[in-house]
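Trainee: I would like a close look at one part of this model, taken slowly and with the terms spelled out.

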Amino acid sequence: MASSSGTSSGSGSSPLAQNSGSEEDLQVLMDQRKRKRMISNRESARRSRMRKQKHLDDLVAQVAQLRKENQQILTSVTLTTEQYLRVESDNSVLRAQASELSHRLESLNEIIDSLNASNNGAFANTFNMEPNNGFFNPMNMGYLNHPIMASADLWP
């Protein structure tokens with residue numbers, strides 16, 4: 001019995017030795033898979049960092065473009081505001097001039113009505129009959145050619 005157990009243990013192909021070899025193979029296989037997974041994870045992380053960097057670069061470029069557009073819009077708004085203020089000022093002057101001319105016209109109409117009333121209509125007939133008299137000759141109306149002065153701050 002001793003010899004048979006000695007021979008069986010000396011053969012080298014015992015189930016314990018085979019089991020231990022399988023464990024080593026399994027460990028090597030697991031190490032290989034672990035290494036492969038680690039390499040794959042590193043590559044995935046590298047791609048992720050590259051995507052993140054590209055996204056950051058795109059955002060920086062977009063910020064630069066938006067700042068440029070914003071500056072152009074601000075310039076346009078400033079120019080438009082200046083033009084609006086000039087036009088508003090011009091309109092105020094024109095309103096003042098229109099008001100002054102309206103008052104002058106009313107005064108002239110009152111003068112004509114007064115002359116017509118005091119002359120019992122003779123002034124109107126004289127005016128119609130003698131268009132070249134000195135008083136109504138357009139060349140002698142220098143007193144009506146006064147410049148109309150108005151300030152932009154007359155009107156709100």
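Which residues form a nonpolar patch on the surface, and about how much accessible area do they have together? Please go on from there to the salt bridges.

Mentor: This is a predicted model, in which local features need pLDDT of at least 70 and side-chain atom pairs count only at pLDDT 80 or more, while totals for chains, interfaces and linings use all residues. Residues are numbered from 1 along each chain as its sequence is written, and side-chain values use heavy atoms, with hydrogens and water left out.

The nonpolar patch on the surface is formed by Leu26, Leu29 and Met30, which together have about 270 Å² of accessible area. Such areas come from the Shrake-Rupley method with a 1.4 Å probe, and for residues only the protein chains shown count as cover. Patches are made of residues with over 30% relative accessible area and no salt bridge, where nonpolar side chains (Val, Leu, Ile, Met, Phe, Trp, Tyr) are joined within 5 Å and like charges within 9 Å. Leu26 has its place in helix α2; helices (H or I, at least four residues) and strands (E, at least two) are DSSP runs, numbered from the N terminus. The relative accessibility of Leu26 is 47%, so Leu26 counts as partly exposed, a class that lies between buried (under 20% relative accessible area) and exposed (over 50%), with a 1.4 Å probe and protein chains only.

Turning to the charged side chains, the structure holds five salt bridges, each defined as a side-chain nitrogen of Lys or Arg within 4 Å of a carboxyl oxygen of Asp or Glu. One of them joins Glu43 and Arg46 at 2.3 Å, N to O, and both residues lie in helix α2 (residues 15–118), three residues apart, about one turn of the helix. Glu43 is partly exposed at 31% relative accessible area, and Arg46 is partly exposed as well, at 34%.

Further along in the numbering, Lys54 meets Asp58 in a salt bridge of 3.1 Å, N to O, the two residues being four apart in helix α2, again about one turn; Asp58 has a relative accessible area of 42% and is partly exposed. Glu100 and Arg104 form another salt bridge, with their closest N and O atoms 3.5 Å apart. These two residues are four apart in helix α2, so about one helical turn separates Glu100 from Arg104. Glu100 is partly exposed at 34%, and Arg104 is partly exposed at 26%. Finally, salt bridges that share partners join Glu43, Arg46 and Arg47 into one network.
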